[in-house]
Amino acid sequence: MDMIAPLQEVILERFYQDVVAGLSAADKSLPCKYFYDQRGSQLFDQICELDAYYVTRTEMNIMQRFAHEIAAELSHVETLVELGSGSSVKTRLLLDQLGRLAVYAPVDISTEHLYETAVALKRDYPRLSVTPLSADFTQPICLPESFPQEFVAAYFPGSTIGNFEPHQAIQLLRAIAATCRLGGELLIGVDLEKPEAVLQSAYDDPQQVTAEFNLNLLHRINRELDADFQISQFRHVAQFNSAASRIELYLESLTEQQVTIGQQEFHFAPGERILTEYSHKYSIAQFTELAAAAGFAVEEYWTDDREYFAVMLLRVVKH
Ligand code: AVJ
């Protein structure tokens, strides 16, 4: 516990700096990674259950349907690195079928969740070395020397890659390529282009769960950073930007208002928005191009009947 207290302070300080920087800019924004406090994670789980939110269900169906084929492509893999603490359900489908796997290393900044998942997996896969790495996966990950280094694959499910703008996504993929090394593989979930009406209801669902998920960020800031956002004076907006092929989430101020966070004051004009998330939607061709810019070639991909989502197998072909 003594170790944890100073760490929490550093994390909170970082949160405060990110929030102040985001709200001080001419176009206000907040990083989407802060959605996931305890309540936010619960709300995200609820989103995944919504009829309108096709993402999680579709990816899971692809993984179930093609688990054999995917595992056959990865049958030589000895070290599997998973980026972000994905739902362990999808991971288990892989772990069940990778016969040569020796090390499974989930990587996440959110340490608590990471260790919980690791304990459960360790229990269910006693022969596997489950080695959680508490790290920021946007930085190149240095694998411990004890890991088999020859056949390394990364798993990046959930279409989290869609949260990054293309230039950041390329940087992130480059960092992953460095971890996997030449010849290594990346299995990645990519959300695809689809009719705008489908996207609109997935990100602005009739039950308003996504609205609550978005607004929860303000609750979190109030609680953790001593702020006084009046939540009822903001509304959730989900907007498709077709030029950039992405859903954009905003929190829109309903009135002219002042908000205090710690020592700082922020002014909001009526209708002024805070950008809280991008969720990019790619075509297979676009994502193939993006991956190529990071040194990856597409080996194969699997999709659902409606082609709403793709699970893509990439190989590092150059550094
Ligand atoms: C977890 C990033 C895949 O972009 O669809 C869901 C997050 N935001 N509803 C997505 C999210 C609003 C989600 N990802």
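## Cavities

A search of the whole structure, which is a predicted model, finds two cavities of 30 Å³ or more. The second largest cavity holds about 50 Å³ of space. Its lining draws two or more residues from each of the elements β1 (79-83) and α6 (166-180). Helix α6 supplies the largest share of this lining, with four residues.

The residues that line the second largest cavity are Val 81, Leu 83, Phe 137, Gln 139, Ile 141, Ala 154, Ala 175, Ile 176, Thr 179 and Cys 180. Sorted by class, eight residues of this lining are nonpolar, two are polar and none is charged. As a general point, rolling a probe the size of a water molecule over the atoms shows where empty space is left.

## The second largest pocket

The second largest pocket contains about 190 Å³ of space. Its lining consists of Leu 95, Asp 96, Gln 97, Leu 98, Gly 99, Leu 101, Tyr 125, Pro 126, Arg 127 and Leu 128. In this lining, six residues are nonpolar, two are polar and two are charged.

## Helix packing

Two packed helices are described by the angle between their axes and the distance between the axes. Helix α4 (residues 88-95) packs with helix α5 (residues 111-124) at an angle of about 30°, and the two axes lie 12 Å apart. Because angles under 35 degrees count as roughly parallel, α4 is roughly parallel to α5. The crossing in which α4 passes α5 is right-handed.

Strands of a sheet pair through backbone hydrogen bonds, either parallel or antiparallel. Here, three strands form an open sheet in the order β7-β8-β11, and the pairing is antiparallel. Strands β7 and β11 (273-280) are the edge strands, each of them pairing on one side only. From one strand to the next, the twist averages 20°.

Strand β7 (residues 234-241) pairs with strand β8 (residues 246-253) in the antiparallel sense, over eight bridges. Within this pairing, Phe 234 has Ser 253 in β8 as its bridge partner. Arg 235 stands opposite Glu 252, which also belongs to β8. In a regular strand the side chains alternate between the two faces of the sheet.

The hairpin has four residues between its strands. In this hairpin, Ser 245 adopts a positive phi near 50°.

Conventions: Residues numbered from 1 in each chain as written. Predicted model: local features only at pLDDT ≥ 70, side-chain atom pairs only at ≥ 80, totals over all residues. Heavy atoms only, no water. Pairing = 2+ DSSP bridges. 1 Å grid on protein atoms, 1.4 Å probe; cavity = no way out; pocket = protein on both sides within 12 Å on 5 of 7 lines; lining within 4 Å. Points joined across faces, edges and corners; volume = space filled by probe spheres on them. Nonpolar A, V, L, I, M, F, W, Y, C, P; charged D, E, K, R; others polar. Axes fitted to C-alpha atoms, helices over the stretch in contact; angles between N-to-C directions. Parallel < 35°, antiparallel > 145°, perpendicular 65-115°, else oblique. Left-handed = near helix turned anticlockwise from the far one by under 90°.
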